[in-house]
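Open the model in your viewer and keep the selection tool handy.

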Amino acid sequence: MGEWAFYGIVILLLVALIKLVPYKVFRYSHRFVPVVYLVLVFHSVILIDHAMWATPLGVALALLMLAGSYAALVSIFGRIGAGRRVSGEIAEMRNYPGVRSLETVIRLGKGWQGHQAGQFAFVTSNVVEGAHPYTIASAWSPEEPLVTFVSKELGDHTTGLIDRLKLGQKVTVEGPYGRFTFDDGLPRQIWVGAGIGITPFLARLKEMATVSPDEARPEIDLFHTTREVDEAALERIAEDARAAKVRLHLLIDARDGQLTGQRIRDEIGDWREASLWFCGPSKFGAALRTDFAAQGFPTDERFHQELFEMR
Ligand SMILES: Cc1cc2nc3c(=O)[nH]c(=O)nc-3n(C[C@H](O)[C@H](O)[C@H](O)COP(=O)(O)OP(=O)(O)OC[C@H]3O[C@@H](n4cnc5c(N)ncnc54)[C@H](O)[C@@H]3O)c2cc1C
């Protein structure tokens, strides 16, 4: 059992780490990890010499295996995140065909603890398909328990979602998760939202629009770069930026070319005092980080990147 379980876990870990295996295969295969783990625990308990349990190593092993077995059972019984799961109902849908994106507003049932701008949640609209993560694109208000998501057609589930979702449909929302929450206390921030990576900034813009003018707020420049264009979507972003008193720099690839670190620095004289918040394609984020690091910008502390990737 031990030998076969060991081979099994190696294969499962390779499937998880090698991104060539499609996400759907990974998602199902990953469910076997806790089962194999329990087999390995059983194997160890049977084989370990009884006298060893009383040694410091035995105690450490016992504690690790107990904690691991508890976690494995929580996973097998589908209880991960169960305390953060609430049901909801689709209240509004708006389509932005120019950017192949759908805005969905969900009215949440009881149990949602609120969220900070920039956090994300898992949404299940179809039990067989399972949960997909999306950034919450709205600010939280306990008086009106609504959350907005904007999802782009990036694969088989998200494509054609507009035709499959219905107003009034029940969904499950699990969250909030994530630490891309803008709360670094710095008086200067630069935001870069590339394509659908604009979503965490939409939430923060909505939140900032409700802050009283007397309250201290950072000075912010938002760069939104996009390849595709939807006038209605761009108009809404511009409106939200105006309401939040955030300077918006819009760059449409075909018209303005690509955004680089140098272009940001040319626009923002005091960039050295700022923190940089990035959400968008991971390679773009990595290129900006390297570029800013080369200029002596303390990227470890002040470059924040949200990854739209689970592995
Ligand atoms: C923290 C986070 C926040 C995100 N926020 C947004 C957002 O605001 N708007 C938006 O349009 N997209 C967002 N995404 C991306 C979105 O989750 C994927 O585009 C979507 O799940 C793709 O599903 P698909 O079946 O259509 O595509 P597929 O072609 O099946 O997958 C495309 C890629 O999406 C990822 N993916 C697929 N299914 C899942 C899943 N169940 N869970 C996690 N990742 C998956 C995989 O990396 C896969 O390679 C976010 C992702 C993460 C991790």
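Select residues 73–183 first: this stretch is 7% helix and 40% strand, and its end C-alpha atoms are 35 Å apart. Helices (H or I, at least four residues) and strands (E, at least two) are DSSP runs, numbered from the N terminus. An unreviewed UniProt entry places "domain: FAD-binding FR-type" at residues 73–183; such positions follow the numbering used here, feature names are shortened, and annotations may be inferred rather than shown by experiment.

Before zooming in, note that this is a predicted model, where local features need pLDDT of at least 70, side-chain atom pairs count only at pLDDT 80 or more, and totals for chains, interfaces and linings use all residues. Residues are numbered from 1 along each chain as its sequence is written, and side-chain values use heavy atoms, with hydrogens and water left out.

Now select the ligand and the 21 residues around it; A131, H132, P133, K152 and T158 come nearest. Here "near" means having a heavy atom within 4 Å.

Next, color β4 (132–135) and β5 (146–152), which each supply at least two residues of this shell. β4 gives the most, with four residues.

Finally, look at polar contacts (pairs of N or O atoms within 3.5 Å). At V150, a backbone N or O atom lies 2.8 Å from a ligand nitrogen atom. Move to D156, where a side-chain N or O atom is 2.8 Å from a ligand oxygen atom. At G155, a polar backbone atom is 3.3 Å from an oxygen atom of the ligand.

How values were computed:
A polar contact is a pair of N or O atoms within 3.5 Å; within protein, one must be able to donate a hydrogen and the other to accept it, and residues adjacent in sequence count only if both atoms are side-chain atoms.
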